[in-house]
Amino acid sequence: MELTALISPERRCSISAVERNLKRLSSYDAGRAMQQNASIDAACAEILGEIKRRVQAAGNAYPFTIDGTALVLSGKARDYVPYIFCLCLSWFGWKAKKGNKIFPRRMFEDLSKHAAQEFIGGRALRFGAPRTELPTAFKEALLHLAVAIGEGQVRDIQGQVHAQDDTLDLIAWRDFPDGQEGKLFLVGQCASGSDWEKKKRELDAEAFFDDWFSERPPSLRGMRIGLFIPHRVPRKKWTSTTRRAGIIFDRCRIAYWTQRNTAFKGDQKRYSDWSRKTLASMQA
């Protein structure tokens, strides 16, 4: 419904259109007609319920409004860049192509960093490889990370290290005015692909700092772990996923916090351009 509302001339999609498509996809059986209709009605009710949950979760970062039983685009798509980018990345995915200069996976990690920064109310760095704001070499990146967070001591690592990012994609923290140890840490892993459920327990932040720091940052005691995904977690899986992955930053939460981060404003054109081209391919 969201994608249809984005590409249709009317900028809307009704639940009746969804109902017709569901009936078309169902093999009609006169003996089971009542049961089939009941199942379709239940599916449509669940769809409307999910839309209402998205409205609540994303707040003013949600691009659509409910008009009766129709989903309608609010204003211009360019006003809702974070949500639409995550929607397109989740639905269409992305595959590396030779000579491609646009990398949506990296873009998603940057987007997640903006969301984490605004959520924490402090600073954030993307540690995921290939790095842009930190040195590309792993050892140098660790040293810069330790200086930035102001805690811990990096080990004297000999020889070449090929760890890339060792599953740590981003870190956000909030300092006190005194700059001393003892602050709020949020470390996160980004999973933009459809296999995101396999990565719920992949990040072991304590092991990361034990492996690469001779002196652990004292603030790790109060550390929080987050999983950043451009998808929506099914309602039935939310609680169990939270138990395993930590704080879930799904499409709605990422859009909500990124939309509020003024640092993202200067970077949103490339996200808007990619989403527009991706939606255009759907219309072709």
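K113 is buried, its relative accessible area being 13%; buried denotes under 20% relative accessible area, exposed over 50%, and partly exposed the range in between (1.4 Å probe, protein chains only). The structure is a predicted model, in which local features need pLDDT of at least 70 and side-chain atom pairs count only at pLDDT 80 or more, while totals for chains, interfaces and linings use all residues. Residues are numbered from 1 along each chain as its sequence is written, and side-chain values use heavy atoms, with hydrogens and water left out.

The chain comprises 10 helices and 10 strands, assigned as DSSP runs (helices H or I, at least four residues; strands E, at least two) and numbered from the N terminus. Its C-alpha atoms fill a box of roughly 75 × 40 × 35 Å along the principal axes. Of the 284 residues, 43% are buried. Among contacts (heavy atoms within 4.5 Å) with a separation of 6 or more, 63% are between residues 24 or more positions apart.

K113 belongs to helix α5, residues 104-120. With residues up to four places away in sequence not counted, K113 touches A124, L125, R126, E133 and L170. Helix α5 is largely enclosed by the rest of the structure, because 12 of its 17 residues are buried. The buried positions are P104, M107, F108, E109, D110, L111, S112, K113, H114, A115, A116 and I120. Just after α5, G121 adopts a positive phi of about 80°.

Helix α5 packs against helix α9 (residues 251-260) at an angle of about 70°, the axes lying 8 Å apart. Axes are lines fitted to C-alpha atoms, for helices over the stretch in contact, and angles between N-to-C directions run from 0 to 180 degrees. The two helices α5 and α9 are therefore roughly perpendicular, the class covering 65 to 115 degrees; angles under 35 count as roughly parallel, over 145 as roughly antiparallel and the rest as oblique. On the α5 side the contact involves F108, L111, S112, H114, A115, E118 and F119, which meet I254, W257, T258 and R260 of α9. By class, this contact of α5 with α9 has six nonpolar, three polar and two charged residues (nonpolar: Ala, Val, Leu, Ile, Met, Phe, Trp, Tyr, Cys and Pro; charged: Asp, Glu, Lys and Arg; polar: the others, Gly among them).

Three strands form an open antiparallel sheet in the order β1-β3-β2, where two strands pair if DSSP finds at least two bridges between them. The edge strands, each pairing on one side only, are β1 (12-14) and β2 (64-67). From one strand to the next the twist averages 20°. Strand β2 is joined to β3 (residues 70-73) by four bridges, and the two run antiparallel; F64 has L73 in β3 as its bridge partner.

Two backbone features occur in loops. Most residues other than glycine have a negative phi, and most peptide bonds are trans. R11, in the loop between α1 (2-7) and β1, has a positive phi near 55° and is partly exposed at 36% relative accessibility. A129 and P130 are joined by a cis peptide bond with omega of about -5°, and P130 lies in the loop between β4 (123-126) and α6 (138-149).
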